[in-house]
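Subject: A structure for you to look at

Hello,

Here is the structure I promised to pass on. Please open it first, then read my notes below.

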Amino acid sequence: MISFLSLLIISSFYYFQLNNLLYNASIDFVEGYVVYNGLKLIGGENIYSHPTYIVPYPPLGYIFSAIGSSITPACMICGCRLIVFIFSILLAYLIFLEAGGLKWQAILAPAILCLTPILSFWSSLCRVDIEAAFFSILAAALYLRGRENLSAVAASIALQFKQTAISVILAIAIHAYFKRGARDSIKILCKLVLASAIPYLMLAAFMGPRSLLDIFYYSAAHTFSKTNPFYIYLSSVTGVSAVFYLISLFMASRMFKEDLYAPYYLISTTLGFIMSAKVGANTNYFLEPLAVGSIMFARNLPKLRMKWVYPIVAILLSYGLAVNAFTTPIYSSDSRAVTGTLCAAEIISNSTKPVIVDDAYVAVLAGKDLLVEPFIHKQLVLRGYLKDFLTRDLMKFRYDYVVLRWSCELRFFDSFCSFLRSNYTVIYDLGQRVYSARINATQTCREIPQLEMFRLNTFRYSMYIARFLRIFGLMFMFMFIVIYVVGGRFENGHSGSDQELNPSNTRLNPSAIKARSNNHHILGKPLWRALEESEGSRRSNGQGSYREVGGDNRGREQV
């Protein structure tokens with residue numbers, strides 16, 4: 001039953017993720033910048049050389065984004081999401097293999113990850129986190145199979161997607177220290193570091209040293225918040241998934257020296273806390289730790305030899321279905337944003353002056369260059385590394401248009417926002433708000449695009465499917481509670497009173513009563529353990545009766 005619920009959760013999860021693939025607008029702030037940087041990179045431009053525009057990630061993620069955008073030119077952000085979606089499926093399969101493969105509890109690992117609130121948001125967005133997590137876990141898997149050179153290559157590829165994917169390197173070195181000694185640990189660490197450093201040295205040679213400054217310094221030079229990591233972590237493991245990952249932390253502390261994924265889980269979680277301390281951080285920093293934590297839980301679940309574990313897991317999975325923990329995509333995609341994005345891009349496409357946008361996908365569709373990535377620019381101004389030239393130039397009316405998808409104060413200074421509202425005119429306000437310095441007339445655009453109509457018609461029944469899964473989950477949850485809790489207590493009481501007498505009204509011996517009472521808890525044990533115990537009892541009973549019969553026969557022959 002646990003395997004059935006896990007498969008149902010995984011299949012439902014990826015069904016709802018398909019909703020994002022056809023959504024021709026940004027869902028997350030960074031998506032448009034990933035598409036923009038990828039198109040610039042494959043167009044032959046040095047994206048790390050702009051004096052005010054900061055590129056926060058290594059180039060490999062942008063290259064994959066550009067490949068996806070070139071596949072679907074009518075919806076470039078959809079092609080980028082398709083690449084990430086494929087990697088999310090590969091990540092789920094890799095987690096399944098690392099959790100045990102053919103063992104029945106292995107399917108539980110990707111199901112637990114699908115119940116986390118963050119995977120349903122990041123799994124199909126145009127970001128680099130899923131690819132980085134996939135290659136990081138692949139590096140751990142290859143190392144455990146004795147492929148150290150391939151493991152180093154996989155770790156290097158992970159760092160080329162995201163520079164913070166260093167947890168697996170440290171975890172492999174620690175595991176090698178406990179298993180093989182300090183000398184081999186240092187040797188493996190040097191191999192991993194060298195394989196990871198070579199691509200960055202090549203990047204500095206071809207793109208210039210400024211590329212390393214962008215990736216390792218300017219992208220992290222934000223203001224910090226002491227409470228930010230705790231709020232972000234609690235948002236990452238809210239709901240039913242919190243139970244699984246707290247147990248995984250307990251497992252990791254007990255098996256730190258034995259299992260590679262134990263230090264990997266603790267290190268990646270610690271790194272997630274550190275990186276999420278900067279203002280503007282999001283839950284994506286805990287995506288890799290939770291993927292590793294799901295492997296930890298499923299790999300070590302059979303070692304929890306307590307009869308109540310499996311009923312609790314079944315109830316928690318049913319509860320995850322009941323609360324629709326994986327249906328986020330059907331609520332995060334607003335049709336007005338699609339129409340507004342296309343309309344805003346059409347309005348600003350004829351401008352000869354620079355434009356300011358907080359959604360880079362508008363600039364991609366309009367064919368415009370960006371002056372800044374506004375959030376990073378604001379943080380660098382606060383740290384004193386740059387000057388706020390955006391507010392200065394806005395007051396001199398050097399920008400024809402300013403397009404805002406989200407709140408102005410999130411990514412621009414208050415002086416910029418107040419002057420914008422006082423001196424620029426809103427000429428369009430549907431999904432995107434377009435401010436103009438010269439035009440006063442309200443602009444209108446065509447109706448909902450055909451691709452968006454197709455998406456809405458394809459997923460028109462998603463809400464009904466979500467409600468059905470909610471009812472289905474509630475039904476299974478109450479069924480498990482009745483079977484395992486209420487039924488277990490009734491059977492225990494019944495076996496302790498009425499069944500102490502056999503059909504001939506003679507009282508059974510204590511060993512028979514104990515054996516019969518244990519049989520009532522077979523649902524509370526792992527299936528393979530129950531089968532082994534029942535098979536062993538059959539063998540012992542068969543051998544004992546054979547000896548007694550043999551003894552009687554021998555006695556009769558002597559007589």
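**What I found**

D334 sits in the loop between α17 (329–332) and α18 (335–348). Helices (H or I, at least four residues) and strands (E, at least two) are DSSP runs, numbered from the N terminus. This is a predicted model, so local features need pLDDT of at least 70, side-chain atom pairs count only at pLDDT 80 or more, and totals for chains, interfaces and linings use all residues. Residues are numbered from 1 along each chain as its sequence is written, and side-chain values use heavy atoms, with hydrogens and water left out.

D334 has a relative accessible area of 34%. That makes D334 partly exposed; buried means under 20%, exposed over 50%, and partly exposed in between (1.4 Å probe, protein chains only). D334 and E452 are 118 residues apart along the chain, and their C-alpha atoms are separated by 10.0 Å.

**Salt bridges**

A salt bridge is a side-chain nitrogen of Lys or Arg within 4 Å of a carboxyl oxygen of Asp or Glu. The count is 20. One of them joins D28 and R127, at 2.5 Å from N to O. D28 lies in the loop between α1 (2–21) and α2 (31–42), and R127 in the loop between α6 (119–122) and α7, so the pair ties together parts that are 99 residues apart in sequence. Both residues are buried. D28 and R127 also belong to a network of salt bridges with D129 and K162.

E98 and R145 form another salt bridge, at 2.8 Å from N to O. E98 is in helix α4 (residues 76–98) and R145 in the loop between α7 and α8 (148–161), 47 residues apart. E98 is buried, at 4% relative accessible area.

R433 and D429 also pair, with their closest N and O atoms 3.0 Å apart. R433 is partly exposed at 34%, and so is D429 at 47%.

**The largest cavity**

A cavity is a set of points on a 1 Å grid over the protein atoms alone where a 1.4 Å probe fits but cannot get out; lining residues have an atom within 4 Å of a point. Grid points are joined across faces, edges and corners, and a volume is the space filled by probe spheres set on the points. There are seven cavities of 30 Å³ or more. The largest holds about 160 Å³. It has 16 lining residues, and the closest to its centre are K162, T164, N284, Y285 and E288. Which element gives the most to this lining? It is α14, with four residues.

K162 also lies over the face of Y285, 4.5 Å from the ring centre. The rule for a charge over a ring is NZ of Lys or CZ of Arg within 6 Å of the ring centre and within 35 degrees of the ring normal.

**Aromatic pairs**

Rings of Phe, Tyr and Trp (its six-membered ring) pair if their centres lie within 6.5 Å; planes under 30 degrees apart count as stacked, over 60 as edge-to-face and the rest as tilted. The count is 32 aromatic pairs. Y233 and F273 make a tilted pair, 5.0 Å centre to centre with 35 degrees between the planes. Y233 lies in helix α12 (residues 228–236) and F273 in helix α14 (residues 261–275), so the pair ties together parts that are 40 residues apart in sequence. Y233 is buried at 12%, whereas F273 is partly exposed at 25%.

Best wishes

How values were computed
1 Å grid on protein atoms, 1.4 Å probe; cavity = no way out; pocket = protein on both sides within 12 Å on 5 of 7 lines; lining within 4 Å.
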